Amino acid sequence: MSNPMEIVELTHQVKKLATGKISDINDINRETTFLALNALIEAARAGDAGKGFAVVANQVKQVSVRIADITTGLNKELAGSLSKLTDLSDGMIERLRSHEGQRCADLALNMIDIVDRNLYERSCDVRWWATDSAVVDCLALGGGAAREHASRRLSVILDSYTVYLDLWIVDASGTIVANGRPQTYPVAGKNVAHARWFKDSMKTRSGADFIAGDIEALPQLNNAQVATYATAIREQGAVDGRPLGALVIFFDWAAQAAAVVNGVRLTDEEWQRTRCMIVDASFRVIASSRKTGVLDEHFNLVTDGRRTGFYRAADGHATVSFAATPGYESYRGLGWYGVVVQTPPT
């Protein structure tokens, strides 16, 4: 089955060919008319000797007139019909592109909705675990035994929640005092007081609040790409308790995001000409189905203030579809977008 783009291209080719051939016929006919006119002039000069030749020249002239009439009619009828056909074909392609653009916008919305719901669960986790008695006692009681117990408790959590790389307990000075995977990530004793997510977590007003950091490659976790969530660990685990330090959890962003952008429902043919991405508020690429540009590339997304939609890219070739996180304001105004860039079939 031919695809619509092939039909449209063929229509334009036929129009171009027909218009060109009609023009060629007109050019030849003008030359024939000119030759017939010259022949009549020469026949007149020859007098009686040229009368027979004049008859032939007149006949050629009449044929030229008939050809001119035919090509004029053909140009009006055929060229007009072909113009209408190409307009209809172009309109069909625009409708198809609009349909595909909206479909891809829906796919982008589904993609970002999965991320949004997944990350909301992380905000619940960090607030819940910050009230765990082993976590609170680690800072409230201090000492090696409390820290070892807390580390074991965090390890048990990590065994059940495989989407995390590590969990840290950080004291009020910014020093990591315990983590869930000390063998893999020997971070105890290191200071992270400079980290924005730590500073902001210590400023949270209650245990109901949390901090979500930008996606980053964290040196302490072997430069793994993480989504960081943090909240204050409060005295006695109370919602309004005095902050003792912070619980910081690191979502394994690279693996989970890859599953989302590569799980978009496209055909094998569509995947050959499609790129699915997640971009942050500054339009930095934070996940890509093509595994390139992550955390380095900035994609020039044009939203015009819309939460979802699609548009033709500046090159006039690709269609860019996008959708913002439904919980746009939930994560410190991060406003992530799912983006699907698709080129027409070849």
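Which residue forms a salt bridge with arginine 196? The partner is aspartate 200, and the closest N and O atoms of the pair are 3.4 Å apart. This report describes a predicted model.

## Salt bridges

The structure holds 12 salt bridges. Arginine 196 and aspartate 200 both belong to helix α5, where 4 residues, about one turn of the helix, separate them.

Another salt bridge pairs arginine 103 with glutamate 270, with 2.7 Å between the closest N and O atoms. This pair links distant parts of the chain: arginine 103 is in helix α2 (residues 51–129) and glutamate 270 is in helix α7 (residues 268–271), 167 residues apart. Arginine 103 counts as partly exposed because its relative accessibility is 26%, whereas glutamate 270, at 6%, counts as buried.

Glutamate 269 forms a salt bridge with arginine 273, the closest N and O atoms being 2.7 Å apart. Salt bridges that share partners also join Glu100, Arg103 and Glu270 into one network. Glutamate 269 is partly exposed at 40% relative accessible area; arginine 273 is buried at 13%.

## The second largest pocket

The second largest pocket contains about 190 Å³ of space. Its lining has 14 residues, and Ala195, Arg196, Trp197, Gly213 and Glu216 lie nearest its centre. By class, the lining has 6 nonpolar, 3 polar and 5 charged residues.

Helix α5 gives the most to this lining, with 3 residues. Strands β3 (211–212) and β4 (216–218) each supply at least two.

## Glutamine 225

Glutamine 225 is in strand β5 (residues 224–234) and is partly exposed, with a relative accessible area of 22%. Its contacts beyond four places in sequence include Glu216, Phe251 and Trp253. Tryptophan 253 is 28 residues away along the chain, yet the C-alpha atoms of glutamine 225 and tryptophan 253 are separated by 5.6 Å.

Conventions:
Residues are numbered from 1 along each chain as its sequence is written. This is a predicted model: local features need pLDDT of at least 70, side-chain atom pairs count only at pLDDT 80 or more; totals for chains, interfaces and linings use all residues. Side-chain values use heavy atoms; hydrogens and water are left out. On a 1 Å grid over the protein atoms alone, a cavity is a set of points where a 1.4 Å probe fits but cannot get out, and a pocket is an open set with protein on both sides within 12 Å along at least five of seven lines; lining residues have an atom within 4 Å of a point. Grid points are joined across faces, edges and corners, and a volume is the space filled by probe spheres set on the points. Ala, Val, Leu, Ile, Met, Phe, Trp, Tyr, Cys and Pro count as nonpolar, Asp, Glu, Lys and Arg as charged, and the others, Gly among them, as polar. Buried means under 20% relative accessible area, exposed over 50%, partly exposed in between (1.4 Å probe, protein chains only). Contact means heavy atoms within 4.5 Å. A salt bridge is a side-chain nitrogen of Lys or Arg within 4 Å of a carboxyl oxygen of Asp or Glu.
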